[in-house]
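Please read it alongside the sequence and the structure shown here.

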Amino acid sequence: MTSPRMRPPTARMRRYELTAGDGVVRECRELTGQALCDWFGPAGDPGQVAAEDALLLVSEVVTNAFTHGGVPYELRLDRTDGRLWVQVSDTSPVRPRPHGPHHADRPSGHGLYLLGRLADAWGCVPRSSGKAVWFEVEVLRRAGHASPSPA
């Protein structure tokens with residue numbers, strides 16, 4: 001994957017146009033990790049709640065877009081007070097759905113289960129060229145940890 005093109009960012013929103021190719025999942029994780037760090041402090045900091053969950057869910061949603069949805073073409077990240085909202089748009093109009101009950105011993109098929117368990121909310125909306133799968137997580141600092149200044 002070549003570096004994605006970022007549309008003009010705001011203090012609370014980032015949009016990246018993605019290109020197909022190897023490394024798009026890693027790239028989306030890195031872009032999300034940077035946004036988390038800029039907006040909420042270092043991802044993975046002991047004072048951080050849900051940052052690692054958000055990175056895992058980005059990986060799952062982008063991987064699902066490739067596996068079941070065609071080609072992911074946009075990553076959008078929005079910050080609201082203490083929350084991260086993520087949207088991944090892909091070229092398929094087919095809505096995500098579980099393929100039967102979740103079984104932990106399967107080598108794959110955990111993406112929607114993880115969305116249901118780790119995201120505060122998630123969903124899918126149609127787009128003119130496919131669909132967008134979105135999720136939201138709360139990213140709060142634990143008591144006693146200083147909050148970074150907003151970007």
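Asp90 belongs to strand β4, which covers residues 83-90. The model is a predicted one, and in it Asp90 has a relative accessibility of 3%, so that this residue counts as buried, the cut-off for that class being under 20%. A polar atom of the Asp90 side chain lies 2.9 Å from the backbone nitrogen of Ser92.

Pro126, by contrast in its class, sits in strand β5, which runs over residues 121-127, and with a relative accessibility of 67% it counts as exposed because the limit for that class is over 50%. Although Pro126 and Pro93 are separated by 33 residues in sequence, their C-alpha atoms are 6.6 Å apart in space.

Helix α3, made up of residues 111-118, has Gly111, Leu112, Leu114 and Leu115 as buried residues. These four lie on the same side of α3, because they cover an arc of only 160° around the axis. On the face of α3 that is turned away from its buried side are the exposed residues Gly116 and Arg117.

As for confidence, the pLDDT averages 80 over the chain, and 73% of the residues score at least 70. Over residues 143-151, however, the pLDDT is below 50, while this stretch has 15 contacts in the model beyond near neighbours in sequence.

How values were computed:
Residues are numbered from 1 along each chain as its sequence is written. Side-chain values use heavy atoms; hydrogens and water are left out. Helices (H or I, at least four residues) and strands (E, at least two) are DSSP runs, numbered from the N terminus. Buried means under 20% relative accessible area, exposed over 50%, partly exposed in between (1.4 Å probe, protein chains only). A polar contact is a pair of N or O atoms within 3.5 Å; within protein, one must be able to donate a hydrogen and the other to accept it, and residues adjacent in sequence count only if both atoms are side-chain atoms. pLDDT is the predictor's confidence in each residue, from 0 to 100. Contact means heavy atoms within 4.5 Å. The arc is that of the directions from the helix axis to the C-beta atoms.
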